[in-house]
Every structure is written in C-alpha cells, then in structure tokens.
Amino acid sequence: MKKLTALFAAILLATFAAAQAADAPAPSDYTITLKDHAWSPAELVVPAGQKVKVTVKNLGDKPAEFESAALNREKVVTPHGEITVFVGPLDAGHYSYVNDFDRATTGTIIAK
Amino acid sequence: MSRYTALSAATFAALIFTVRPALAIDEIYSPIAEPGEISLEYNGNNTFDHHHDKNNIAEQQTEIEWGVNNYWVTSITGSYEKNPDESWKTDAVEWENRFQFLPQGQYWLDVGMLATYVHAVQKDDPDALELKLLLQKDAGRFTHMLNAGIEQEIGRHSGPAPDRNFAWSTRYRWNEYVQPGFEIQSDFGTVSTNDRFQNQEHYIGPAVYGHLLPNLKYEAAYYVGISDAASNSAARLKLEYEIHF
C-alpha cells in the first residue's frame with residue numbers, strides 16, 4: 001500500500017508541477033466558427049512561439065469534431081456549442097484541421 | 001451506414017479474428033479524454049523467443065470505452081491470455097477509469113491517472129488493482145507519453161507486494177495516417193523480489209500510429225527484448241473504432 005500512496009503523491013506532484021510550470025503570460029484568445037460546412041476564418045493567423053487559446057464555436061445544427069493531427073487535438077463540438085483548445089507554442093508554419101464528421105470542411109492555423 | 005463506417009467495421013472485425021497478440025506489454029495511455037465518444041478497442045500482443053517457455057505468450061483484449069465528460073473516460077475490458085503449450089483462456093474482466101486532471105495544452109504537461117480493477121475469471125487467480133500515472137507532452141510535431149504504474153493483487157491467492165511497470169512512447173506526427181515513433185515497455189517485477197535489470201522484462205522498439213480510416217485508429221509496435229528475462233522480441237497491435245453520439 002506504500003507504493004499506492006507513493007504513486008498518488010507522484011500524481012499530485014506532477015499535477016502541481018504542471019500547473020506551476022504553467023504560466024507566464026495568459027495566452028491570447030482567438031475564435032473559429034463553423035457554419036454551413038465552412039470554418040471562419042478559413043485561415044487563422046496566430047503568433048509563432050506563443051501559446052494561444054482558440055474557442056471553437058459550432059453554429060450549425062449537427063455535431064462537429066475539431067480534429068488536427070498536426071496539432072494533436074481531437075474534440076467534439078455539440079450543435080450550437082463551443083469548446084476551448086489550447087495550442088502551442090507553435091513553430092512558424094501551417095497547421096491544418098478538419099471537421100472529422102464532414103472531412104471536406106478544412107481550415108488552417110498559420111503561425112508566424 | 002456510410003461506406004467508411006461499413007469498411008471500418010469490417011476491417012476491425014477481420015483484424016480481431018485474425019491477429020494474435022504478450023504480457024508485460026500494454027497499450028500506452030494518453031491522459032486526454034475524448035468526451036461524447038464511444039470506442040470499440042482491440043489490443044493484442046505476442047512474444048517470440050527461441051526458448052520454449054518465453055515464446056508465444058500472448059494476450060488479447062476487447063474493450064468498450066465511453067468518454068463521459070472532459071475529465072473522465074470509463075471502460076469495460078475482456079481479457080484473454082495464452083501461455084506456451086496452453087490454449088487460449090478467459091483471463092479477466094477489467095473496469096478501467098481514466099482521469100484527465102488538466103485541460104489539454106493549457107499547462108506545460110498534461111497529467112492524468114488510470115485506475116483499473118481487474119476481476120480474475122479463473123478460480124485460483126487473484127483480483128488486482130492497478131494505478132498508473134499518465135503524462136503527455138507535445139513538443140512541436142512530437143508527442144511524448146509516459147505511463148508509470150503499480151499493480152497490487154488483492155483477495156485470495158494474492159501476492160504480498162505490488163508489481164511495478166513503466167512505458168514510454170515518442171511519436172512524430174507526420175500526418176494523420178502515419179506517425180512513426182518508438183516505445184519502451186518495462187516490467188520491474190515486485191518490490192519484494194527487487195530483481196536486477198537482467199531479471200526484469202525490458203523491451204524497446206519502433207512503433208507506428210495513425211488512422212487506417214477516419215474513424216479507425218491503429219497502433220503497432222515491434223519490440224526487442226533487452227534484458228535476459230524478456231523474450232527475444234514481441235509485437236503489439238491496437239485498433240480503435242470510434243463512434244460519436
């Protein structure tokens with residue numbers, strides 16, 4: 001049981017360390033909306049080298065999934081709902097994402 | 001049913017019944033929960049060795065998992081195992097609960113925990129409780145994951161000391177379909193035996209991850225045993241079919 005206690009302690013410590021390592025400045029906020037099979041903006045420009053907070057709003061009547069292999073993010077957005085996605089700090093470049101339930105609906109985050 | 005869904009289901013079913021999967025080797029868990037998702041999973045692993053007693057040790061698991069909310073994923077798993085010269089037998093039913101402690105990406109490290117209750121099906125086998133610390137770090141296009149766990153047998157026939165295990169994976173997120181990387185899987189044995197390195201099981205090898213189809217994910221790894229107690233080599237396969245609701 002000592003080992004169980006030690007593992008719990010490690011988990012709490014890791015959580016605390018992660019939260020402390022946390023942060024410096026609060027991340028900048030951006031919003032992406034999904035409506036009529038299109039993301040808006042289709043290309044979102046964010047600063048490279050900084051963590052950003054992206055709110056993804058689904059204005060449609062069907063569920064969507066914000067998915068990006070480049071960003072390692074995959075999250076369902078309910079109809080008329082929204083989610084928050086923290087990304088970065090990103091190297092300069094293009095990072096594509098897709099509505100996984102409607103894969104023709106693609107968008108790009110451009111870090112520069 | 002869409003063409004993709006039908007094809008995914010057929011591929012999943014075909015692989016479940018044709019691929020055999022090893023002990024001391026486990027899937028490597030992410031702390032990230034995916035709410036609003038049910039997934040059907042197959043996990044299998046198998047060892048290969050010239051020594052009869054370390055060859056063809058295999059385990060297969062089928063699992064149904066539900067992403068309850070942003071911080072909790074729960075699942076029921078059926079586990080089957082095979083030892084050398086034995087036929088396949090039902091090993092255990094497991095109740096896994098995975099907890100995500102922090103919003104993904106908000107902090108430097110993503111942290112979670114896996115708590116599993118293992119109910120042994122065979123009469124003389126003990127039940128067990130397993131806890132794993134789950135850590136994940138995205139760095140550029142690399143994703144690193146670390147699992148550190150202990151498993152304590154409980155109830156009748158249980159051993160006195162917990163077994164300790166460790167796993168690491170690094171992957172390069174090249175694209176959605178092919179993400180190459182490597183894994184390390186270690187079983188340190190129990191605290192009471194305090195085995196030396198060569199008596200513990202350690203494996204390392206290449207791995208590849210990705211999507212076979214939009215809602216069908218895969219993970220495949222081939223390991224080389226790097227300690228005397230480990231088999232010469234081993235392989236692991238995971239397939240995950242996602243259903244959203």
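1. In chain A of this predicted model, four strands make up an open sheet of mixed pairing, and their order is 2-1-4-7. The edges are held by strand 2 and strand 7 of chain A; each has a single partner strand, so one side of each lacks a neighbour in the sheet. Ignoring direction, neighbouring strands in this sheet are turned against each other by 25° on average.

2. Strand 1, residues 28-35, runs antiparallel to strand 2 of chain A, and three bridges connect the pair. Thr33(A) has Ser40(A), in strand 2 of chain A, opposite it. In general, the strands of a sheet pair through backbone hydrogen bonds, in either the parallel or the antiparallel sense.

3. Ser40(A) also takes part in a cis peptide bond, which joins it to Pro41(A) with omega at about -5°. Pro41(A) itself lies in the loop between strand 2 (38-40) and strand 3 (43-46) of chain A.

4. Another cis peptide bond runs from Gly88(A) to Pro89(A), where omega is near 5°. Pro89(A) is placed in the loop between strand 7 (82-87) and strand 8 (93-99) of chain A. Strand 7 of chain A is one of the edge strands of the sheet in point 1. As background, most peptide bonds are trans.

5. Is Asn72(A) buried or exposed? Asn72(A) is buried, because 20 other C-beta atoms lie within 10 Å and the cut-off for a buried residue is 20 or more. Its phi is positive, near 60°, although the residue is not glycine. Asn72(A) sits in the loop between strand 5 (64-68) and strand 6 (73-77) of chain A.

6. Chain B also has a residue other than glycine with positive phi: His157(B), at about 70°. The residue belongs to the loop between strand 7 (142-154) and strand 8 (163-172) of chain B. His157(B) counts as partly exposed, because it has 13 C-beta neighbours inside 10 Å. Most residues other than glycine have a negative phi.

7. On the overall make-up of chain A: the secondary structure consists of one helix and nine strands, and the order from the N terminus is α-β-β-β-β-β-β-β-β-β. Of the 112 residues in chain A, 31% are buried. Among contacts in chain A with a separation of 6 or more, 56% are between residues 24 or more positions apart.

Notes
Residues numbered from 1 in each chain as written. Chains lettered and ligands numbered in written order. Predicted model: local features only at pLDDT ≥ 70, side-chain atom pairs only at ≥ 80, totals over all residues. Helix = DSSP H or I, 4+ residues; strand = E, 2+ residues; numbered from the N terminus. Buried ≥ 20, exposed ≤ 12 C-beta atoms within 10 Å, placed from the backbone. Contact = placed C-beta atoms within 7 Å. Pairing = 2+ DSSP bridges. Axes fitted to C-alpha atoms, helices over the stretch in contact; angles between N-to-C directions.
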